[in-house]
Amino acid sequence: MSRIAVVVLALVTAACAHAPVRGAPRPAAASVPTFSFADDTFAFANIIRERHPHVEGLYANYCFVLARGMRQFHQFARFDPAAPRVGAEEYARRVRAVVGHEPWAGPLPSSERVVIPGFANLRAFSAAEEAAVKAGLGRRFWTLVHWTNWRVTMPVPDGHQAAVLDQVLDELAQGHLVQLLITNWPRHELNHTVVAYGYRAVNDGVELTVWDPNDPDAPGIVRFDARRERFISTRVYDTSVGPIRVFRMYYSWLL
């Protein structure tokens, strides 16, 4: 590894590290109480382009857009099913207003949130107004070239993944959704993102329950093996079970 790469890795690792402040013991299991997989996720999926090589117009390679967008809806939108519905252009404008907020910002109070009229939740809204939602979410380019994506190519030092797990569990125990970058690089299979919304202790580790933008129908599972201090892609859509590396995403202006 070059000297510059070592310095960069050390800086990023230091930025990711923290000294958690412990109050009451962390519960053995927790989930974000205000989040519902059935209601608060998109009804459509990010499509894996390699599985549809000759299909034009796919909504493919939008996993980062969808994962970030789901968090932004959870933090900055409010649904009002009793309000009259509006047209597709207005819905797209309101989606743009939702995703215009920085994903690492704290949730807004109800009175300051972007109102989505005519629907009870994100699942119903994105099912009925799929084209408008996709238009409002915007393009994928800047997510594909985001400067932190280079982390998938780098090794991680001892203890790094355990520290990431500690941060994720702290956030989940506090009721915050956590977006994760997951990869099994150099295998050309998984360079992806999911959103963790719960966890539970299991024998020799912890299971994270995740929403996967590639699979709107069922939750996924990423397991942490405490003995080997590594994550396992236990149930990630269209991915082999095996060791992966995990990083938090969009939790500050820097990372």
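Trainee: Which residues are linked in a network of salt bridges?

Mentor: First, note that this is a predicted model. As a general idea, side chains of opposite charge can pair when their charged atoms come close. Here, the network of salt bridges joins Arg-26, Asp-166 and Asp-170.

Trainee: How many salt bridges does the structure hold?

Mentor: There are eight salt bridges in the structure. One of them pairs Asp-166 with Arg-26, with 2.8 Å between the closest N and O atoms. This pair links distant parts of the chain: Asp-166 belongs to helix α7, Arg-26 to the loop between α1 (3–16) and β1 (29–31), and 140 residues separate them.

Trainee: Is Asp-166 buried or exposed?

Mentor: Buried means under 20% relative accessible area. Asp-166 has 18%, so it counts as buried.

Trainee: How many of the residues in α7 are buried?

Mentor: In α7, 10 of the 14 residues are buried, which leaves the helix mostly covered. Both Asp-166 and Asp-170 are among the buried residues, as are Val-164, Leu-165, Val-168 and Leu-169.

Trainee: What span should α7 have, and what does the model show?

Mentor: Helix α7 covers residues 160–173, and at 1.5 Å a residue its 14 residues should span 20 Å. Just after α7, Gly-175 adopts a positive phi of about 90°.

Trainee: How should I read a salt bridge within a single helix?

Mentor: An α-helix has 3.6 residues a turn, so residues three or four places apart point the same way. Take Arg-93 and Glu-90, whose side chains meet in a salt bridge at 2.7 Å, N to O. They lie three residues apart in helix α3 (residues 88–99), which means a separation of about one helical turn. Arg-93 is partly exposed at 43% relative accessible area, and Glu-90 is partly exposed at 24%.

Trainee: Where do Glu-130 and Lys-134 lie?

Mentor: Both are in helix α5 (residues 130–137), four residues apart, about one turn of the helix. Glu-130 and Lys-134 form a salt bridge, their closest N and O atoms being 2.6 Å apart. Glu-130 counts as partly exposed at 32% relative accessibility, and Lys-134 is partly exposed with a relative accessible area of 21%.

Methods: Residues numbered from 1 in each chain as written. Predicted model: local features only at pLDDT ≥ 70, side-chain atom pairs only at ≥ 80, totals over all residues. Heavy atoms only, no water. Helix = DSSP H or I, 4+ residues; strand = E, 2+ residues; numbered from the N terminus. Expected span 1.5 Å × (residues − 1). Buried < 20%, exposed > 50% of the residue type's maximum accessible area, 1.4 Å probe, protein only. Salt bridge = Lys/Arg side-chain N within 4 Å of Asp/Glu carboxyl O.
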